Amino acid sequence: MTHDHRAEVLRYTAFSADPAGGNPAGVVLDAAGLHEERMLAIAAELGYSESAFLTERTGEGAYTIRYFSPKAEVPFCGHATVATALALAERDGPGTLEFTTPAGLVPVSVVREGGTLRATLTSVAPHVEEAAEADLAEALAALDWAAADLDPALPPRIAYAGARHLVLAAATRERLAVLDYDFARLEALMRRLDLTTLQLVWREGPEVFHVRDPFPVGGVVEDPATGAAAAAFGAYARELGLVPEAAVLTLHQGADMGRPGTLTVELRTGDVRVRVSGTGTRIG
């Protein structure tokens, strides 16, 4: 693997303290001077769902950040944000950071809990919108899901908290566990709707969910732990009254891929933004 001499590429996993769990991301702490073609090439060489690049330091603990999947730039990536914050905390110590993303300003705090670092990002203002019936039908067809596979208590919506995600709730854990979809067909729909992932969910309990995220537009079949989708899902759950206005949700993701991770989603009264937190660790 060859990289630009200015680009030291770190590898971190987010939402798990185990290097074999969570969602791996490439992190470049000094991407000043790298062209977007080079950043895309680095992301493609790594092959992770996303990699993050700090292109400019704008102040104390403040940076401009860009995110690339192996196929394209994306406006926001939660797990790569967490990975970058943890990398900075290991270098500079825990504290408060501020990332200027293509989607807007995202503050992140990093604290040490025992011997583990935990990062919490605060999303941009979210919103939730209806999904058109024809688009829903096409998504189900691409997934090879029947309408009866959906949980009527969690209706389909498109949710945004930095990136757009179609939220579909499975009626059973067994339905969620089987993911064998038409890659090209789902990718075409997602590009038309400007979706970053599908957020497939199953509700285990009042505030506990299992989630999976197909990500064909990024060039990978599935994202192992998806912070941007977790933030969007928090907004979705609050908007539909599925959880209290102030709540802490636990999202389990990646077990079906052999990379288990845990995302904590916090909703606060009087603040529309969504907080997503998790641990992480360096790989290798």
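Predicted model: local features only at pLDDT ≥ 70, side-chain atom pairs only at ≥ 80, totals over all residues.

Started with Ser-123, which I found in the loop between β8 (116-122) and β9 (127-130).

Is Ser-123 buried or exposed? I looked up its relative accessibility and got 1%. Buried means under 20%, so Ser-123 counts as buried.

Next I checked what Ser-123 touches, leaving aside neighbours within four places in sequence. Its contacts are Ala-161, Ala-231, Arg-273 and Val-274.

The largest pocket holds about 210 Å³ of space. I get 14 residues lining the largest pocket, and the closest to its centre are Pro-75, Asp-194, Leu-195, Thr-196 and Val-217. Which elements supply at least two residues each to this lining? I wrote down β5 (73-74) and α5 (183-193). By class, I have nine nonpolar residues, one polar and four charged in the lining of the largest pocket.

On to the second largest pocket, with a volume of about 150 Å³. Here 15 residues form the lining, and Gly-61, Asp-92, Gly-93, Thr-96 and Leu-97 are the closest to the centre. Both α2 (78-92) and β6 (95-101) put in at least two residues. Which element gives the most to the lining of the second largest pocket? That is α2, with five residues. For the second largest pocket I noted seven nonpolar, four polar and four charged residues in the lining.

How values were computed. Residues numbered from 1 in each chain as written. Heavy atoms only, no water. 1 Å grid on protein atoms, 1.4 Å probe; cavity = no way out; pocket = protein on both sides within 12 Å on 5 of 7 lines; lining within 4 Å. Points joined across faces, edges and corners; volume = space filled by probe spheres on them. Helix = DSSP H or I, 4+ residues; strand = E, 2+ residues; numbered from the N terminus. Nonpolar A, V, L, I, M, F, W, Y, C, P; charged D, E, K, R; others polar. Buried < 20%, exposed > 50% of the residue type's maximum accessible area, 1.4 Å probe, protein only. Contact = heavy atoms within 4.5 Å.
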